[in-house]
Amino acid sequence: MDKHYMQMALDIAKKGQGNVSPNPLVGAIIVKDGKIIGKGYHEEYGKNHAEINAINDANESVEGATLYVNLEPCTVHGNTPPCADRIIEEKFKRVVIAQKDPNPEVNGRGIKKMENAGIKVEVGVLEEEAKKLNAFYNHFMVKKRSFFTLKAALTLDGKMADLRGDSNWITNKKSREHAMYLRFINDAVLVGAQTVRHDNPHLNVRGYDKKRPFYKIIISKKLDIPETSNVFKTEGNTIIFCGKNADKEKIKNFEKLNSKVFVNERSENVSIEFLISTLYEMKIQSVLVEGGASVFSQFIEKNYVDRMALFYAPKIFGKGIPAFGKITPKYVNNPLKVDIERWETFDDNFFIQGTVCSQD
């Protein structure tokens with residue numbers, strides 16, 4: 001039954017999507033005498049963790065019960081007290097954990113603390129499923145950088161816009177709704193200056209109640225984007241990365257629009273490394289890279305694309321703007337490979353999601 005209850009913990013943890021970052025998604029189930037007496041999940045950043053919500057939800061004493069939780073209980077004082085201490089205080093008999101917390105401030109300390117208190121602890125039940133659920137969090141803790149998902153809406157022949165640069169709308173409504181869901185579960189969306197100038201996107205999250213700050217990131221080495229762009233009129237925190245030769249007056253103007261401007265003082269361009277280090281310092285764990293082709297090529301060439309999320313419509317443009325036309329040519333013996341992990345149809349559109357295989 002351990003797998004059954006752990007799956008329940010994983011399922012309930014998903015309810016926190018979009019609202020707990022930079023914390024992980026965590027669900028907890030309390031079982032006593034063969035029945036569930038409490039359950040909870042981390043609902044919002046800064047509020048109770050899953051374990052505490054499950055304890056508070058219990059309809060009887062949790063003493064002697066088993067706690068199922070998909071991530072190791074914390075041991076640090078943050079916005080809330082350590083969960084491991086509360087578990088010990090409540091005298092749980094057994095704690096089943098899917099995954100050890102990769103956060104170096106926890107990483108095994110919660111397990112050891114509970115074991116030293118006489119609680120039987122088991123680790124590794126549905127571990128792979130737990131790691132997939134918190135892919136953004138795990139990656140951020142281990143790789144020390146944001147998790148980048150490259151998202152594009154394409155024709156069957158790989159075009160992201162027609163020859164005039166028009167892309168509204170290649171894919172259908174259901175595909176666009178799922179694309180909005182991807183924005184919801186990520187911390188940020190990123191585009192280049194060309195996309196802002198030509199498409200004038202809002203870059204906001206629509207249709208979802210996202211309580212956590214959402215970041216709209218623009219790469220514009222010369223700050224050559226209109227101050228009247230829609231991106232400055234919608235909710236969210238706008239971040240602009242520019243090169244050292246960007247006009248200082250423009251920087252001041254964009255800052256007056258409640259935007260944060262980061263200047264790469266070492267180059268007239270915006271290096272991906274400069275962007276990545278800045279986002280890491282800001283604790284932005286996940287970024288949806290939405291274009292355009294030049295931005296895609298920069299991330300791909302540097303091996304910084306962790307996932308592809310591609311929407312295809314049954315259309316062919318022939319001559320048009322290819323999504324991947326600016327990357328270094330690949331050949332049959334050394335293509336960029338994607339390990340497909342999900343395939344789904346949205347009426348006559350289809351969606352594929354996969355992990356980008358290392359090019360090393």
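Visitor: How many cavities of 30 Å³ or more are there?
Guide: In this predicted model, the count comes to one cavity of 30 Å³ or more.

Visitor: How much space lies in the largest cavity?
Guide: The largest cavity holds about 40 Å³ of space.

Visitor: And which residues line the largest cavity?
Guide: The lining consists of Phe-136, Thr-149, Leu-182, Ile-185, Asn-186, Leu-288, Arg-307, Ala-309 and Gln-353.

Visitor: How do the residues of that lining divide into nonpolar, polar and charged?
Guide: Five are nonpolar, three are polar and one is charged.

Visitor: Which elements each supply at least two residues of the lining?
Guide: Helix H7 (173-185) does so, and so does E13.

Visitor: Let us turn to the sheet. What is the order of its strands?
Guide: The sheet is open and has nine strands, in the order E11-E10-E9-E8-E12-E6-E13-E16-E15. Its pairing is mixed.

Visitor: Which are the edge strands?
Guide: Strand E11 (259-264) and strand E15 (338-346) are the edge strands, each pairing on one side only. From one strand to the next, the twist averages 20°.

Visitor: Do E6 and E12 run parallel or antiparallel?
Guide: Strand E6 (residues 147-155) and strand E12 (residues 286-291) run parallel and are joined by four bridges. Within this pair, Phe-148 stands opposite Val-287 in E12.

Visitor: Which helices pack on the sheet there?
Guide: Helix H6 (residues 135-143) packs on the sheet and touches E6, E12 and strand E13 (307-313). The direction of H6 makes about 130° with that of E6. Helix H11 (residues 293-301) also packs on the sheet, where H11 touches E6, strand E8 (188-192), E12 and E13. The direction of H11 makes about 130° with that of E12.

Visitor: What about E15 and E16: parallel or antiparallel?
Guide: E15 and strand E16 (residues 349-356) run antiparallel, with eight bridges between them. Val-338 stands opposite Val-356 in E16.

Visitor: Which residue in that hairpin takes a positive phi?
Guide: Asp-347 does, with a phi near 55°. The hairpin of E15 and E16 has two residues between the strands.

Visitor: A change of topic, then. What caps the N-terminal end of helix H9?
Guide: Asp-247 caps that end of helix H9 (residues 248-256). A side-chain oxygen of Asp-247 lies 2.7 Å from the backbone nitrogen of Glu-249.

Visitor: And which residue with a positive phi follows H9?
Guide: H9 is followed by Asn-258, whose phi is near 60°.

Conventions
Residues are numbered from 1 along each chain as its sequence is written. This is a predicted model: local features need pLDDT of at least 70, side-chain atom pairs count only at pLDDT 80 or more; totals for chains, interfaces and linings use all residues. Side-chain values use heavy atoms; hydrogens and water are left out. Two strands pair if DSSP finds at least two bridges between them. Axes are lines fitted to C-alpha atoms, for helices over the stretch in contact, and angles run from 0 to 180 degrees between N-to-C directions. Contact means heavy atoms within 4.5 Å. On a 1 Å grid over the protein atoms alone, a cavity is a set of points where a 1.4 Å probe fits but cannot get out, and a pocket is an open set with protein on both sides within 12 Å along at least five of seven lines; lining residues have an atom within 4 Å of a point. Grid points are joined across faces, edges and corners, and a volume is the space filled by probe spheres set on the points. Ala, Val, Leu, Ile, Met, Phe, Trp, Tyr, Cys and Pro count as nonpolar, Asp, Glu, Lys and Arg as charged, and the others, Gly among them, as polar. A polar contact is a pair of N or O atoms within 3.5 Å; within protein, one must be able to donate a hydrogen and the other to accept it, and residues adjacent in sequence count only if both atoms are side-chain atoms.
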